[in-house]
Amino acid sequence: MRAALDEARLALAHDDVPIGCLVVDGSGPELARAHNARERDVDPTAHAELIALRDAAAKVGSWRLDGARLYVTLEPCAMCAGAMVLARIERLVFGAADPKAGAAGSVYNIVQDPRLNHRVDVAQGVLADECGALLKDFFRGKRPGSASL
């Protein structure tokens, strides 16, 4: 998660929400890492998770990332959670919960929905305070008087 936090900080250089992500092969090697790039790329889908999933799939030569683990600093949104299910991610590890848009247990639980053909194991709250502080500091600078996610 510390590497995901380091990656998240890179998003600040182009004024993106500081969210970082790593995809790691089940046997340990890192497959990909990314940070949010919506502002830089002018792309609403340029979330850290989607970029990292695309890069990991390209590296292994398959859209199926069976056995892979995904580490991300903020609970994934519905789009990213859906992509994790489709990619067959084995385990999701996230830092801060997202009570407004989280789709791994907070608002929705797409990653573990029994109606879908794959479910992702979830570990939450890893370095949550540090992950949350990075986001709160970012938004505090954007919206003076507010520290909410």
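In this predicted model, Glu-49, Leu-50 and Leu-53 of helix H3 are in contact with Met-79, Cys-80, Ala-83, Met-84 and Ala-87 of helix H4, where contact means heavy atoms within 4.5 Å and helices are DSSP runs (H or I, at least four residues) numbered from the N terminus. The residues of this contact comprise 7 nonpolar, no polar and 1 charged, with Ala, Val, Leu, Ile, Met, Phe, Trp, Tyr, Cys and Pro counted as nonpolar, Asp, Glu, Lys and Arg as charged, and the others, Gly among them, as polar. H3 passes H4 in a left-handed crossing, a term used if the near helix is turned anticlockwise from the far one by less than a right angle.

Residues are numbered from 1 along each chain as its sequence is written. Because the model is predicted, local features need pLDDT of at least 70 and side-chain atom pairs count only at pLDDT 80 or more, while totals for chains, interfaces and linings use all residues; side-chain values use heavy atoms, without hydrogens and water.

The table gives the axis geometry of two helix pairs, with axes fitted to C-alpha atoms over the stretch in contact and angles running from 0 to 180 degrees between N-to-C directions.

| Helix pair | Axis distance | Angle |
|---|---|---|
| H3 (residues 48-60) and H4 (residues 78-87) | within 9 Å | roughly 20° |
| H1 (residues 2-10) and H5 (residues 128-142) | 11 Å | about 5° |

H1 and H5 are therefore roughly parallel to each other, the term for angles under 35 degrees. Their contact joins Arg-2, Leu-5, Ala-8 and Arg-9 of H1 to Glu-130, Cys-131 and Leu-134 of H5, and its residues divide into 4 nonpolar, no polar and 3 charged.

Technical notes. Helices (H or I, at least four residues) and strands (E, at least two) are DSSP runs, numbered from the N terminus. Angles under 35 degrees count as roughly parallel, over 145 as roughly antiparallel, 65 to 115 as roughly perpendicular and the rest as oblique.
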